[in-house]
Amino acid sequence: MRARAATVTATLLLATGAGPGTALAEGAAAPRRMPAFTGKGLVQVFNKLGARTKLDVQDIGGAHRTVLWPFNWKVCAQTPAAGAPLAGHIRVGIGVVKKTERCPKR
């Protein structure tokens with residue numbers, strides 16, 4: 001029961017936007033933050049986020065190609081932005097182009 005209370009307290013602190021000066025419940029971990037992927041290879045996204053993260057990868061170069069081999073692609077856009085907290089069931093959007101191409105202007 002004590003572990004469940006710590007989880008509920010940590011969830012409430014995160015939901016209310018508790019800042020760095022607010023003490024977290026005993027044993028509760030700080031929320032994970034979204035890494036900065038823009039300009040890096042798509043493989044790094046898969047390596048850092050893990051298999052449980054819901055990931056939407058799209059070719060934003062205009063050709064609407066299917067991304068089959070991550071080693072050939074680089075990241076041009078991401079949502080949420082770098083540094084944003086990653087909640088338990090958040091969906092991450094990654095916009096990519098081939099490594100030999102330039103990222104489109106936004």
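The structure is a predicted model, in which local features need pLDDT of at least 70, side-chain atom pairs count only at pLDDT 80 or more, and totals for chains, interfaces and linings use all residues. Residues are numbered from 1 along each chain as its sequence is written, and side-chain values use heavy atoms, with hydrogens and water left out.

**Disulfide.** The search of the whole structure returns 1 disulfide, defined as a pair of cysteine sulfur atoms within 2.5 Å. C76 and C103 form this link, with an S to S distance of 2.0 Å. The angle about the S-S bond is -80°, and the link is left-handed. Since C76 belongs to strand β3 and C103 to the segment after β5, the pair ties together parts that are 27 residues apart in sequence. C76, at 2% relative accessibility, counts as buried.

**Overall organisation.** The chain holds 2 helices and 5 strands, in the order α-β-α-β-β-β-β along the sequence. These elements are DSSP runs numbered from the N terminus: helices are H or I runs of at least four residues, strands are E runs of at least two. Of the 106 residues of the chain, 24% count as buried. Among contacts (heavy atoms within 4.5 Å) with a separation of 6 or more, 61% come from residues 24 or more positions apart.

In strand β5 (residues 91-98), 6 of the 8 residues are buried, so the strand is largely enclosed by the rest of the structure. The table lists two of its pairings; strands pair if DSSP finds at least two bridges between them.

| Strand pair | Sense | Bridges |
|---|---|---|
| β2 (residues 54-59) and β5 | parallel | 6 bridges |
| β3 (residues 73-79) and β5 | antiparallel | 6 bridges |

**Residue Q78.** Q78 is located in strand β3 and counts as buried, at 13% relative accessibility. Its side chain makes polar contacts, meaning pairs of N or O atoms within 3.5 Å; within protein, one atom must be able to donate a hydrogen and the other to accept it, and residues adjacent in sequence count only if both atoms are side-chain atoms. The side chain of Q78 lies 3.0 Å from the backbone oxygen of P35, and a polar atom of that side chain is 2.7 Å from the backbone nitrogen of F37. Not counting residues up to four places away in sequence, the contacts of Q78 include M34, A36, T38, G93 and I94.

**Nonpolar core.** A nonpolar core is a set of buried Ala, Val, Leu, Ile, Met, Phe, Trp, Tyr and Cys residues joined through side-chain atoms within 4.5 Å. The largest one has 11 residues: M34, F37, L42, V45, L49, W73, V75, L86, V92, I94 and V96. Helix α2 (42-49), β3 and β5 each supply at least two residues of this core. Apart from neighbours within four places in sequence, L86 touches R32, R33, M34, L49, P80 and V92.

**Confidence.** The pLDDT, the predictor's confidence in each residue from 0 to 100, averages 78 over the chain, and 72% of the residues score at least 70. Confidence is lowest in helix α1 (residues 2-15), with a mean of 36, and highest in β3, at 97. Residues 1-24 have pLDDT below 50, and this stretch has 15 contacts in the model beyond near neighbours in sequence.

How values were computed. Buried < 20%, exposed > 50% of the residue type's maximum accessible area, 1.4 Å probe, protein only.
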